[in-house]
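Please have the sequence and the 3D view ready while reading.

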Amino acid sequence: MTTTRPLHRDTYICAYRSELLRLFGKRTRVNGHDVDDIVSYAVELVMEQIDFIVGKYPDPVVFAPDRNLAAWLEKKLHRRFVVWPG
């Protein structure tokens, strides 16, 4: 039997950051801004939005834009979610 390890917040942040860096490719600047700064700002915004949503709507509605985030929220809120497959 295989078990799925829950995705922790730090793991989610690292995966999200890595994916953004992959999307930017080898570019170091975009529209006059450092790619690292853009990615760091995007990560901060996402985590702030998560905290806001979890704090404002703890039950029964939680929006998670992907399955990894839903898995992290399940662990944080100690409840199961119905995840839309789309």
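Asp36 is partly exposed, with a relative accessible area of 44%. Partly exposed is the class between buried, under 20% relative accessible area, and exposed, over 50% (1.4 Å probe, protein chains only). Arg17 falls in that class with a relative accessible area of 31%, so it is partly exposed.

Asp36 forms a salt bridge with Arg17, and their closest N and O atoms are 3.8 Å apart. Here a salt bridge means a side-chain nitrogen of Lys or Arg within 4 Å of a carboxyl oxygen of Asp or Glu. The pair links distant parts of the chain, 19 residues apart: Asp36 lies in helix α2 (residues 35-56) and Arg17 in helix α1 (residues 9-24). Helices are DSSP runs of H or I with at least four residues, numbered from the N terminus. Side chains of opposite charge can pair when their charged atoms come close.

## Basis of the model

The model is predicted: local features need pLDDT of at least 70, side-chain atom pairs count only at pLDDT 80 or more, and totals for chains, interfaces and linings use all residues. Residues are numbered from 1 along each chain as its sequence is written, and side-chain values use heavy atoms, with hydrogens and water left out.

## The other salt bridges

How many salt bridges does the structure hold? There are 3 salt bridges. One of them joins Glu19 to Arg22, with the closest N and O atoms 2.6 Å apart. Both residues lie in helix α1, 3 residues apart, which is about one turn of the helix. Glu19 is partly exposed at 35% relative accessible area, whereas Arg22 counts as exposed at 54%.

Arg29 and Asp34 also meet through their side chains in a salt bridge, at 2.5 Å from N to O. Arg29 is partly exposed, with 47% relative accessibility. Asp34 is partly exposed too, with a relative accessible area of 33%.

## The nonpolar core

The largest nonpolar core has 16 residues. Such a core is a set of buried Ala, Val, Leu, Ile, Met, Phe, Trp, Tyr and Cys residues joined through side-chain atoms within 4.5 Å. The residues with the most contacts inside this core are Val39, Met47, Ile50, Leu69, Trp72 and Leu73. Helices α1, α2 and α3 (67-77) are the elements that give two or more residues to the core. Its largest share, 7 residues, comes from α2.

Which residues does Ile50 touch, not counting those up to four places away in sequence? Ile50 touches Leu69, Trp72 and Leu73, where contact means heavy atoms within 4.5 Å.
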